[in-house]
Amino acid sequence: MRVIALSLTLLLLATGAMADKRVALVIGNSSYQNATPLANPANDSRAMADKLSQLGFDVMLRENLTGQGFRVALGEFAEKALGADLAVVFYAGHGIEMSGRNYLIPVDARMNSEATAQFETVSLDLVLSTVQQAGKLGMVLLDACRDNPFLGSMERTNGTRSLSRGLAPVSLEGQSGMLISFAAEAGQTADDGAGEHSPYTTALLDVMDEPGLEVGRMFRKVRAKVREDTGGRQVPIERMQLPDESIYLVAAAPPQGGPVTPVPAGPTTPVLPPQVDDPLVVFLDAVRSGQRADLEAFISRYPDHPRAADARKLLLDMADKEFWDRTLADNTADAYRTYLLVFSDGRFADQAKARLAALQPPPNPPVVVTPPVTPAPPQVTTAPRTPGVRTACTALNGTWSVTNIRSNDTLFVRTGPGTSYGKIAELPYNANGITNVSCRSDGWCQFTYGCISGWAFGGKYMRNGLGGQASSGWSGVYSVTDHPLDQKLNVRLGPGTQYDVTAELPATASGVRVYDCQKEDGYRYRWCALSWGQINGWAYGRYLMNARGAKPTP
């Protein structure tokens with residue numbers, strides 16, 4: 001049967017697709033000299049090379065490339081891709097994001113510091129350049145988002161966590177005939193896989209030889225399969241600017257033999273090409289469906305499309321309506337106050353204000369009461385508070401804010417002006433209201449941010465002005481949940497238990513304002529930057545829930 005299937009595939013290729021010139025470079029880096037070897041890239045790259053060869057590609061297979069070998073292989077492939085219709089680069093191994101740019105890691109890289117690592121690695125921009133001249137479509141497939149062993153030991157520049165888990169998103173705006181696929185979403189890591197192949201490579205191998213499957217639809221099927229196989233922990237993402245014509249790796253299967261029913265003579269019915277996703281059609285279908293998942297899928301697939309802004313507005317309107325319905329169901333003053341905090345300009349803001357006013361009790365007239373003489377209260381011994389715990393901190397009403405930091409990063413706060421001083425806290429990337437700022441000529445600034453005081457490299461990462469950063473997808477109003485009622489939730493100076501406790505939240509606290517949530521290694525839930533009353537800091541997301549009942553998970 002396997003021989004028959006392979007023969008059918010070759011037959012389908014021969015019906016038209018083989019007229020295209022196809023070239024591919026497949027790289028598998030497993031044997032890292034300065035890190036634990038990876039189990040599957042060698043298996044993944046060999047299987048992918050075999051599959052692409054079956055699909056009519058002239059394949060260059062390279063394994064365990066050093067920095068020099070990597071660059072030589074790219075040079076050879078770039079020359080082959082110049083005259084090709086389809087050009088593909090598949091890479092399995094380690095990759096890293098540094099300061100918003102992506103790099104692939106050769107097996108001989110030492111990665112001692114961020115300053116030297118960019119010269120030891122291979123820029124993703126260089127890889128993309130090798131397929132840009134393909135006549136119809138250039139594709140780069142990256143199974144390179146595995147958890148990176150170099151992150152913990154690399155020396156970083158200035159004061160930020162500019163080295164990130166996973167890889168950064170890439171824009172293909174203004175380019176035609178290009179596609180890049182990542183094994184996991186931006187800032188997230190992908191499984192290497194417990195079996196013979198990684199989940200991402202397994203999905204590619206399963207779907208890429210399906211007859212009549214247009215390339216855009218192919219990657220949607222890959223995404224769905226990986227999400228299902230990993231229980232939602234890993235979701236591939238792609239960016240594409242497809243050409244006007246449809247691209248198929250395998251042509252549609254011819255009809256199987258059998259009795260033919262005579263058809264009366266009549267006008268010839270034109271044979272239409274297989275349907276291809278049109279972004280506008282996808283958007284309109286998502287709007288008609290009224291489903292949040294369809295709109296989110298459109299934004300993920302076409303983030304730069306003119307209709308993406310409309311899709312985001314529709315999602316916001318849906319969230320507004322859902323939140324309002326729950327607010328009406330609660331019908332309490334606290335519920336209406338929370339709605340106005342989250343949707344201050346929402347569709348139902350005027351109704352919320354009116355209902356809140358109706359629920360407010362009328363002011364009582366002043367009553368003059370002569371206080372009775374009471375004996376002094378007995379002395380009560382209370383348990384000592386946690387050292388350093390505060391009940392009030394400096395108000396977040398300053399004019400300074402954090403700037404030039406990505407949404408998956410934070411600003412380190414140190415005990416003194418320089419990286420030689422220890423880290424005592426972290427500020428969210430979108431922090432506003434910083435007070436008492438005093439900066440030196442070398443760019444290091446001393447400041448106060450609520451309960452946090454110290455030094456940061458403000459010359460690049462702080463500014464006198466508010467609102468310079470985009471809002472976080474995790475921002476909103478939360479409540480403390482699932483926490484023992486006889487205990488309080490620790491609020492720390494940074495995202496992790498390595499930071500000191502600075503304040504506490506009651507186990508029943510509501511109206512907690514969350515500014516951002518960051519993923520930290522070793523934790524199932526995110527750590528969230530927040531404020532409540534006159535305190536602020538970071539708390540573990542396991543015990544926080546927003547109005548939609550969601551917790552900040554990775």
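Trainee: Why does Ser45 count as buried?

Mentor: The relative accessibility of Ser45 is 0%, and buried means under 20% relative accessible area, with exposed over 50% and partly exposed in between, for a 1.4 Å probe and protein chains only, so Ser45 counts as buried. This is a predicted model, in which local features need pLDDT of at least 70 and side-chain atom pairs count only at pLDDT 80 or more, while totals for chains, interfaces and linings use all residues. Residues are numbered from 1 along each chain as its sequence is written, and side-chain values use heavy atoms, with hydrogens and water left out.

Trainee: Where is Ser45 placed, and which residues does Ser45 touch, not counting residues up to four places away in sequence?

Mentor: Ser45 lies in helix 2, a helix being a DSSP run of H or I with at least four residues and a strand a run of E with at least two, both numbered from the N terminus. With contact taken as heavy atoms within 4.5 Å, and residues up to four places away in sequence not counted, Ser45 touches Val26, Ile27, Gly28, Leu61, Glu63 and Phe90.

Trainee: What makes helix 2 roughly parallel to helix 6?

Mentor: The axes of helix 2 (residues 41-54) and helix 6 (residues 199-207) cross at roughly 15° and come within 11 Å. Angles under 35 degrees count as roughly parallel, over 145 as roughly antiparallel, 65 to 115 as roughly perpendicular and the rest as oblique, and the crossing angle therefore makes helix 2 roughly parallel to helix 6. On the side of helix 2, the contact is made by Asp44, Ala47, Met48 and Lys51, and on the side of helix 6 by Thr201, Leu204 and Leu205.

Trainee: Why is strand 22 described as largely enclosed by the rest of the structure?

Mentor: Strand 22 (residues 527-532) has six residues, and five of the six are buried, so the strand is largely enclosed by the rest of the structure.

Trainee: How do you know that strand 22 and strand 23 pair, and in which sense?

Mentor: Two strands pair if DSSP finds at least two bridges between them, and strand 22 is joined to strand 23 (residues 535-540) over six bridges in the antiparallel sense. Cys528 stands opposite Ala539 in strand 23. The hairpin of these strands has two residues between the strands, and Gly533 takes a positive phi near 65° there.

Trainee: What pairs strand 15 with strand 16?

Mentor: Five bridges join strand 15 to strand 16 (residues 452-456), and the two run antiparallel, with Thr448 opposite Ser453 in strand 16.

Terms used
Axes are lines fitted to C-alpha atoms, for helices over the stretch in contact, and angles run from 0 to 180 degrees between N-to-C directions.
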